[in-house]
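Hi everyone, thanks for coming. Let me put the sequence and structure up, and then I'll walk you through a few spots.

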Amino acid sequence: MTALQQPLAPEQRTLIRDELLRSLTKLERSMAANGAAARPRDLEQDTVGRLSRIEALQSQGLTATLAAREKVQLEQIVAALRRLEEGSYGICNGCGAAIPVERLMIFPETLACSTCACS
Ligand SMILES: [Zn+2]
């Protein structure tokens, strides 16, 4: 096996994994809540006036935007957990350098160091 740069101490890996799992649980709960909230509005469509109907549609649009963003976040977190398992976690996909631990603690799902993320 090639010597992969492993910038994280075992206890840091544990901390980050816990953080990722916490975010994952929170996201899943939020997505489930959104899914439940979207349904009753559909059933009310016949009874609401035209204006409220437009508002309802706009609100659904916002929910959809939020849901799409949450889905992306979910995928990023799952991908980060996979990299953590594979040992490729914490390596910048832009320059290949180790991402500083302080950055990983703040953005555990990040793929790039701050230099590459901003360029
Ligand atoms: Zn980089």
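What spacing do the donors of the zinc ion follow along the chain? They follow C-x2-C-x17-C-x2-C. By donors I mean N, O and S atoms within 2.8 Å of the metal (3.2 Å for Na, K and Ca); water is not among the atoms, so sites may look incomplete.

A quick word on the source: this is a predicted model, where local features need pLDDT of at least 70, side-chain atom pairs count only at pLDDT 80 or more, and totals for chains, interfaces and linings use all residues. Residues are numbered from 1 along each chain as its sequence is written, and side-chain values use heavy atoms, leaving out hydrogens and water.

Back to the zinc ion: its protein donors are the SG atoms of Cys92, Cys95, Cys113 and Cys116, lying 2.3 Å from it. The angles they subtend run from 102 to 115°, which makes the arrangement tetrahedral (for four donors, all angles between 85 and 135 degrees).

Now look at Cys95 and Cys113, which link distant parts of the chain, 18 residues apart. Cys95 sits in the loop between α2 (50–86) and α3 (101–106), and Cys113 in the loop between α3 and α4 (114–118); helices are DSSP runs of H or I, at least four residues, numbered from the N terminus. Buried or partly exposed? Cys113 is buried at 9% relative accessibility, while Cys95 is partly exposed at 47%. Buried means under 20% relative accessible area, exposed over 50%, partly exposed in between (1.4 Å probe, protein chains only).

Finally, confidence: pLDDT, the predictor's confidence in each residue from 0 to 100, averages 84 over the protein chain, and 84% of the residues score at least 70.

How values were computed: Four donors count as tetrahedral if all angles lie between 85 and 135 degrees; four count as square planar and six as octahedral if opposite donors are over 155 degrees apart and all others between 65 and 115; anything else is irregular. Helices (H or I, at least four residues) and strands (E, at least two) are DSSP runs, numbered from the N terminus.
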